[in-house]
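Could you walk me through this model in the viewer, one selection at a time? I would like to know what to pick next and what I will find there.

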Protein chains: 2
Amino acid sequence: MNIGPYSLEDYMHLVKSFHGSVAPGLIVGGFMVEAAKGELPPGILYDAITETVVCLPDAVQLLTPCTVGNGWLRVLDLGRFALCLYDKTTGRGVRVFVDPGKLDGRPAVRDWFLRLKAKRDQDPVRLRDEIIAAGTDILGVRPVVVARSFIAGGRKKGPITLCPACGEAYPAADGPRCLACDGNYGDIIICDLVRKRE
Amino acid sequence: MNIGPYSLEDYMHLVKSFHGSVAPGLIVGGFMVEAAKGELPPGILYDAITETVVCLPDAVQLLTPCTVGNGWLRVLDLGRFALCLYDKTTGRGVRVFVDPGKLDGRPAVRDWFLRLKAKRDQDPVRLRDEIIAAGTDILGVRPVVVARSFIAGGRKKGPITLCPACGEAYPAADGPRCLACDGNYGDIIICDLVRKRE
């Protein structure tokens, strides 16, 4: 059994090295990414969306050319364990998700995925075995089209200017001050408060 | 010259493999991550913030234990080329940014960083050489404290339930329907429209 170009064992080593642990979500995620890749026409350039911040972004980053930092993966915090791979010019692609209707007879997967048991009460070995035995059988796969407005969005282009408040460079399109100094994240990080105090 | 545990050459191979190209932002980012790590007390568990979606998330993911999928890296779309590494319990840490005041005498870096020249008019070899010669000399490094409210935020805990609209699992705390079906992302991805049409 392989996950993309890796044996299952090599994939789990890679996951441990990148993600820090062989989390169940990365194993399911590996099957999800490969199921999605298998539905795409060969040779196309594709982008990726994950609909959760949890685990899936790392499976996509390890198994596709799409990363957060190169802009080909965009991570939405929708709370759904699902991903889309889609042609970056047409938006046509595939969405893969865990189908709760396919978890019958897989009690360890169900208890983990639906958080029916506390982590300390789960059996990690059984969970891993069930996930591997299930492979793509617990997944739903559907054709999708990603909206043109979403495809066209993403990275800000255009001129860079210096923020009169913090003195750092930012996209001029954001307004007369950078988004941080404009208060958008003022309650999130107090980096700037510390800097002003110096 | 090393970037973390890697020779500069090995780091650039790693960047090429993960990010797809040896982007200037990944080389600067490598120096930024290492400058930040060098300011942290040894042995602490730290989390990371990048203040841009561009390039820096990949430098952090390659050079620290923090990834998007494991939740230790959070990516803010502030448009500033800066990152923070901070103690995950106290919030105390360090913020590293490119200081525009330190770009004099480094014309290729300045033209790239402030987008003063179109990419096709830049000399990529000269740019890389200037970035490597500069190392950490173009950076600002400041102590920061990350807000407790931000540290406590992040991953949604609590029960999972099934969305009555799409049938998929989502965090019950999000409300009676999942965030996607609740219209929050309705104009972004039309995955759900496609599914409803089937």
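Here is a tour that goes from the sheet of chain A to its helices, then to the cores and to chain B.

**Stop 1: the sheet of chain A**

Before you start, keep in mind that this is a predicted model.

Now step through the pairs. Strand E3 (residues 46-50) of chain A runs antiparallel to strand E5 (residues 82-87) of chain A, and 5 bridges join them.

Move on to E5(A) and E6(A), an antiparallel pair with 5 bridges. Here A:Tyr86 has A:Gly93 in E6(A) as its bridge partner. The hairpin of these strands has 4 residues between them, and in this hairpin A:Gly91 takes a positive phi near 80 degrees.

The next pair is E6(A) with E7(A), antiparallel over 7 bridges. Select A:Arg92 and you will find its bridge partner, A:Val145, in E7(A). While E6(A) is on screen, colour it by accessibility: 6 of its 7 residues are buried, leaving the strand mostly covered.

**Stop 2: the helix across the sheet**

**Stop 3: helix H1 of chain A**

Select helix H1 (residues 8-19) of chain A, which has 12 residues. From first C-alpha to last, H1(A) reaches 16 Å, close to the 16 Å expected at 1.5 Å a residue.

Which residues of H1(A) are buried? They are A:Leu8, A:Tyr11, A:Met12, A:Val15, A:Phe18 and A:His19. Turn the view to look down the axis of H1(A): the buried residues fall within an arc of 135 degrees, so they line one face of the helix. The general rule behind such patterns is that an α-helix has 3.6 residues a turn, so residues three or four places apart point the same way. On the face of H1(A) turned away from the buried side, select the exposed residues A:Glu9, A:His13 and A:Ser17. Then go just past the end of H1(A) to A:Gly20, which takes a positive phi of about 100 degrees.

**Stop 4: the nonpolar cores**

The largest nonpolar core has 96 residues. Select A:Met32, A:Leu83, A:Leu139, B:Met32, B:Leu83 and B:Leu139, the residues that touch the most other members. Centre on A:Leu83 and, leaving out residues up to four places away in sequence, look for its contacts, among them A:Met32, A:Val33, A:Ile49, A:Leu56, A:Val94 and A:Val96. A second, separate core has 15 residues, including A:Phe150, B:Cys163, B:Tyr170 and B:Cys181.

**Stop 5: over to chain B**

Chain B has an open sheet of 5 strands in the order E4-E3-E5-E6-E7, with mixed pairing. Strand E3 (residues 46-50) of chain B pairs with strand E5 (residues 82-87) of chain B in the antiparallel sense over 5 bridges. Select B:Ala48 to find its bridge partner, B:Leu85, in E5(B).

Next, select B:Ile3, found in strand E1 (residues 2-3) of chain B. B:Ile3 is buried, with a relative accessible area of 0%. Not counting residues up to four places away in sequence, B:Ile3 touches B:Leu8, B:Tyr11, B:Gly30, B:Phe31, B:Glu34 and B:Leu63.

**Last stop: B:Asp58**

Finish in helix H3 (residues 56-63) of chain B, where B:Asp58 lies. Is B:Asp58 buried or exposed? With a relative accessibility of 0%, B:Asp58 counts as buried. Show both chains and, leaving aside neighbours within four places in sequence, pick out the contacts of B:Asp58: A:Gln61, A:Thr67, A:Val68, A:Gly69 and A:Asn70 in chain A, and B:Phe18, B:His19 and B:Leu26 in chain B.

Terms used:
Residues numbered from 1 in each chain as written. Chains lettered and ligands numbered in written order. Predicted model: local features only at pLDDT ≥ 70, side-chain atom pairs only at ≥ 80, totals over all residues. Heavy atoms only, no water. Pairing = 2+ DSSP bridges. Helix = DSSP H or I, 4+ residues; strand = E, 2+ residues; numbered from the N terminus. Core = buried A, V, L, I, M, F, W, Y, C linked by side-chain atoms within 4.5 Å. Buried < 20%, exposed > 50% of the residue type's maximum accessible area, 1.4 Å probe, protein only. Contact = heavy atoms within 4.5 Å. Expected span 1.5 Å × (residues − 1). Arc of directions from axis to C-beta.
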